[in-house]
Amino acid sequence: MIAAPFTVAAPSGARIRDRLKNLTLEDATVLMRVGEHLGRHQRADLAERVTIGKVKAKDTQRARRKKALTAVSSSRWAGAMTRACEDQYRLSTRVLCDERAYLRRAVRAIDKRLAAPCGKRSKGGVRGYPTPAERFEKQRRLQVLKARLAAVESRVESGSPAITVGGRRLLKTRHNLADSQLTVEQWRQRWDAARLFLTADGESGAPHGNYTITVTPETGSVTMVLPEPLRHLANAPRGRYRLTCAVAFSHRREEWLDQVTANRAVRYDIVHDPVRGRWYLDASWSAEIAVLPTPEEVRAFGERLLGVDLNADHLAAYVLDPHGNPIGEPITVPIAVSGSASQSDGRLRAAISRLLAIAREYHCAGIAIENLGFDDARATGRETMGRGGRGKRFRRTVAAIPTAKFRERLRSMAFHAGLVVIAVDPAYTSVWGARYWKAPIQQQNQQVTVTRHHGASVAIGRRALGHRARRRPGVTAHDQRIVTRRAAGQAVLIPRARGTASPPRTASTPNTGGKTRPRQGGQLALFPDLEDRSWGHRISPVHAIRPTAANIARNGDNECMDDIDPVEQALHAARALVLADLAARKVAAAEVVSMVEDSVTHRRWWVEQWPEGLTYVAGLVAQDVQDALLERYGRWPLCPVCSSGDPHALDVEPELGPDPHWVCGKQGVVVAPVGALK
């Protein structure tokens with residue numbers, strides 16, 4: 001079942017940074033001594049919190065721990081240290097639970113493949129390992145994973161996560177200094193800088209939002225409260241130390257000024273970068289909860305969207321109008337996530353800035369993205385994502401896609417640009433984009449290379465707008481005499497006078513050169529009068545309704561329907577055939593029958609525009625219902641021919657033609673005519 005699209009929440013806060021320039025040697029020495037003193041006591045408190053283990057919030061003994069820390073610092077420093085310890089403990093516990101889920105997925109995937117014989121498939125369709133040698137190596141790998149899982153589960157039960165203040169990666173670098181091209185002194189400087197604690201939580205009502213570290217908005221001067229054992233270093237009243245430099249916070253300064261002038265809480269962090277020999281001051285605060293428009297409201301206002309498909313090395317995008325039609329040319333924004341973390345983050349921000357500029361240029365209300373998550377793929381990649389060099393390259397490609405970082409950066413930057421971000425289910429977007437949208441887009445853009453990723457961006461945008469991702473046959477094609485182009489699955493019907501437009505045509509529709517038939521009324525009457533029948537309708541071929549015994553049994557005596565309009569006969573026959581297949585597979589619930597009625601209503605308009613397509617209605621209604629079921633419930637009807645492998649749905653062949661049949665697309669076997677499923 002495909003999940004409904006949703007609006008990504010607005011950022012809950014903001015964080016900005018400014019450099020502490022022109023610090024004197026005395027200032028740097030004081031900051032180092034304060035940071036080392038507070039860091040030592042904060043690490044001791046963190047170790048005590050881990051010893052307490054997994055308990056309720058009221059049993060963490062925070063009041064006792066804070067009282068002990070107040071004696072060696074101050075009340076506000078102690079509060080910041082205990083809060084930081086609690087946050088670090090909860091984060092580490094959550095990471096430990098994620099590692100347990102990762103190991104369980106990996107063990108489960110290998111167990112399934114080990115249960116199948118070598119070179120064959122199990123009854124459930126799981127492929128076994130191709131050779132006994134590989135099977136033996138996987139058995140050894142399974143024992144290693146189970147041992148790791150047992151250790152992690154033991155830590156989760158006891159509530160004792162392993163925490164390395166300063167980072168485990170930097171700690172392991174100490175044993176590989178030659179490979180890291182570092183000396184012992186350089187490593188020690190980085191290690192000491194990472195273990196400093198210079199964090200002061202904000203306090204509403206305090207002077208400029210923070211009493212422990214205060215930044216004056218008029219002058220930008222920075223003062224901080226010294227811990228009790230270091231009060232002799234103070235150069236300002238009440239045991240405070242004033243730095244010789246000033247900060248300005250040029251980025252988002254107005255927001256910061258709004259916070260500090262109203263004495264709202266602002267948190268400050270002083271960070272040391274020993275590689276560059278610089279000190280920085282970070283300011284952060286929580287923002288008010290913003291109520292963003294839902295996807296339904298965006299559709300109701302008739303706004304455009306920019307569909308974006310995220311890939312390892314580029315972003316594929318396309319602008320869509322409110323009806324789901326692609327506008328303009330396909331857009332490709334390159335991204336390079338190689339290099340250092342700061343370089344890759346800067347390149348990602350530049351790519352997102354380009355997307356925002358395109359969205360503003362085309363007057364889009366928001367950006368549609370996939371709600372991607374590769375946790376399962378990364379845990380079981382060796383088992384499910386190919387073998388050998390090709391599989392290894394594919395796994396590396398998936399691992400290199402910056403899904404979480406892209407989503408967070410886009411959420412923040414789009415919010416400040418006045419755009420909403422809509423996330424959709426990623427199921428089948430690439431498959432349907434390549435199958436149904438790549439060729440039509442390439443036909444309209446001969447000078448640009450269109451990839452399957454551009455088709456996927458169209459499918460993503462259409463899904464965010466509430467339209468079907470698949471491009472159905474029977475869509476109005478581009479024609480010089482047609483002003484507007486309608487995409488398939490569009491809910492908006494454009495009224496037009498009879499005889500003023502050509503019938504809807506596709507690439508597979510024969511062009512007979514005829515005009516749209518005249519009609520007095522705007523709707524078809526179920527029992528038109530003799531005058532209407534004499535000149536208002538064209539007689540369709542007899543084989544529009546298959547004259548079989550099953551049809552006679554379902555529709556009754558054919559002679560009693562001779563006076564009914566041929567269009568209504570075809571629609572009723574198509575409805576009966578699809579309902580018979582739904583009933584045969586026991587899915588003819590009330591909601592599903594409503595889907596059939598909606599499709600029949602839509603196809604009535606389609607047949608009115610193109611009477612020659614009367615014989616195609618049964619197959620089109622079957623495909624409409626199949627798509628609607630897939631988006632809301634799941635695949636239907638499942639293939640009875642393929643007993644092994646992943647279950648898949650049958651296809652309707654031909655997609656636009658008479659005498660439709662249910663066909664297994666994998667084996668090319670005709671299962672049954674539409675209306676004759678068992």
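## Two loop residues with positive phi

Glutamine 61 lies in the loop between α1 and α2 (62-70); helices here are DSSP runs of H or I with at least four residues, strands are runs of E with at least two, and both are numbered from the N terminus. Its phi is positive, about 60°, although glutamine 61 is not a glycine. Glutamine 61 is partly exposed, with a relative accessible area of 38%. On this scale, buried means under 20% relative accessible area, exposed over 50%, and partly exposed in between, using a 1.4 Å probe and protein chains only.

Before going on, a word on the source: this is a predicted model, in which local features need pLDDT of at least 70 and side-chain atom pairs count only at pLDDT 80 or more, while totals for chains, interfaces and linings use all residues. Residues are numbered from 1 along each chain as its sequence is written, and side-chain values use heavy atoms, with hydrogens and water left out.

Asparagine 22 is another residue to look at, in the loop between β2 (13-19) and α1 (25-52). Asparagine 22 also has a positive phi of about 60° without being a glycine, and asparagine 22 is exposed, with a relative accessible area of 71%. For context, most residues other than glycine have a negative phi, and most peptide bonds are trans.

## Two cis peptide bonds

Tryptophan 636 and proline 637 are joined by a cis peptide bond with omega of about -15°. Proline 637 has its place in the loop between α21 (617-632) and β14 (651-653).

The peptide bond from glutamate 653 to proline 654 is cis as well, and its omega is near -5°. Proline 654 is found in the loop between β14 and β15 (661-664).

## The β14-β15-β16 sheet

β14 and β15 also belong to an open sheet of 3 strands, ordered β14-β15-β16 with antiparallel pairing; two strands pair if DSSP finds at least two bridges between them. β14 and β16 (669-673) are the edge strands, each pairing on one side only. Neighbouring strands of this sheet are turned by 40° against each other on average, with direction ignored. Axes are lines fitted to C-alpha atoms, for helices over the stretch in contact, and angles run from 0 to 180 degrees between N-to-C directions.

β15 and β16 run antiparallel and are joined by 4 bridges. Which residue of β16 is the bridge partner of histidine 661? The partner of histidine 661 is proline 673.

The antiparallel pairing of β4 with strand β5 (residues 221-225) spans 3 bridges, and isoleucine 213 stands opposite methionine 224 in β5.

## Strand β9 and its partners

Strand β9 (residues 304-310) is mostly covered, with 6 of its 7 residues buried. On the parallel side of its pairing, 4 bridges join β9 to strand β12 (residues 364-370), and glycine 307 has alanine 368 as its bridge partner in β12.

β9 is also joined to strand β10 (residues 314-320), antiparallel, by 6 bridges. Aspartate 309 stands opposite alanine 316 in β10, and β9 and β10 form a hairpin with 3 residues between them.

## Tryptophan 187 in helix α7

Tryptophan 187 lies in helix α7 (residues 184-194) and is buried, with a relative accessible area of 4%. Leaving aside residues up to four places away in sequence, tryptophan 187 touches Leu170, Leu171, Thr173, Arg174 and Leu177, where contact means heavy atoms within 4.5 Å. The C-alpha atoms of tryptophan 187 and arginine 174 are separated by 7.0 Å, and these residues are 13 residues apart along the chain.
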